[in-house]
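Please read the sequence and the structure shown here together.

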Amino acid sequence: MAKIDELLCRIGVTTNYRGFFYTAYAVALCVDQPERLLLVTKRLYPEAAKRYRTNWKAVERNIRTVRDIIWREKRSLLEEPAHKRLTQKSSNAQLLAILTASLKAGSPTVPGSDRTRARRSQRTYSRSKRFFAHKLRQRHETVPAEIPLPDFKRLSAFPCAFLFLPEVV
C-alpha cells in the first residue's frame with residue numbers, strides 16, 4: 001500500500017480526499033486480480049464500498065474526483081506510466097489500469113523518477129523509428145533491415161493497461 005500511496009501523492013492527489021483511499025484500495029485489488037478491471041462496477045466498487053462502509057456510487061464518484069484532480073493539475077505525470085499522450089479524460093477504469101500497470105512494472109514507470117526520464121528519451125527515439133518504418137510501408141516501399149519492428153512481447157506484459165486506453169492519432 002505504501003507504493004500506491006507514494007504514487008498517488010506524486011501525481012497530485014493528497015490524503016484530504018476520500019477518493020485517495022478508495023483509489024489506493026482499488027489499485028491494490030487490481031494488482032492482486034487484474035481481471036477486476038473488466039467489470040469495475042460489479043467487482044471493484046462494491047468491494048471498496050464494503051471495506052469503507054459506503055455505497056458503490058460514492059466510491060465511483062470519489063475516484064472520478066481523483067481522476068479530475070490528476071487531469072487538471074498533473075496530466076503529464078499520468079501520461080508517463082500510460083506511455084502515450086492522453087488527449088481526453090480517461091475513465092475511472094482507465095485510470096486504475098494505468099496506475100495498476102505502473103505498479104506492476106516497478107520503479108521505472110513511477111512518475112518523476114530518474115529512470116523514467118531516461119527511458120522516455122529512449123522511447124521517443126524508438127517511436128520515431130517505428131513511425132518512419134510505418135510511413136515507408138504506406139508508400140509501398142521496402143523497409144530497411146536496420147529498422148526494427150515493435151516488440152509486441154514486451155507490450156503484452158501489461159495487457160490491462162493498454163486495454164482501456166484510447167487511440168491517439
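What follows goes from the whole chain to one helix, then to the core and the aromatic rings.

This is a predicted model, in which local features need pLDDT of at least 70 and side-chain atom pairs count only at pLDDT 80 or more, while totals for chains, interfaces and linings use all residues. Residues are numbered from 1 along each chain as its sequence is written, and side-chain values use heavy atoms, with hydrogens and water left out.

The protein has nine helices and zero strands; helices (H or I, at least four residues) and strands (E, at least two) are DSSP runs, numbered from the N terminus. Of the 169 residues, 41% are buried, where buried means under 20% relative accessible area, exposed over 50%, and partly exposed in between (1.4 Å probe, protein chains only). Contact means heavy atoms within 4.5 Å. Among contacts between residues at least 6 apart in sequence, 59% join residues at least 24 apart.

Helix α2 covers residues 18-32. At 1.5 Å a residue, its 15 residues should span 21 Å, and its end C-alpha atoms are 22 Å apart, which agrees; the expected span is 1.5 Å times one less than the number of residues. Eleven of the 15 residues of α2 are buried, including G19, F20, T23 and A24. The buried residues of α2 pack against α1 (2-10), α3 (40-52), α4 (56-73) and α6 (92-105).

In soluble globular proteins, nonpolar side chains tend to be buried together. A nonpolar core is a set of buried Ala, Val, Leu, Ile, Met, Phe, Trp, Tyr and Cys residues joined through side-chain atoms within 4.5 Å. The largest such core here has 36 residues, and those with the most contacts inside it are I4, L8, L44, V59, I70 and L99. Helices α1, α2, α3, α4, α5 (75-82) and α6 each supply at least two residues of this core, and α2 gives the most, with nine. Leaving aside neighbours within four places in sequence, L8 is in contact with V13, F20, T23, A24 and L99.

Rings of Phe, Tyr and Trp (its six-membered ring) pair if their centres lie within 6.5 Å; planes under 30 degrees apart count as stacked, over 60 as edge-to-face and the rest as tilted. By this rule there are three aromatic pairs. F20 and F21 form an edge-to-face pair, 5.3 Å centre to centre with 80° between the planes. F20 counts as buried because its relative accessibility is 2%, whereas F21, at 37%, is partly exposed. Y22, Y25 and Y52 form one aromatic cluster.
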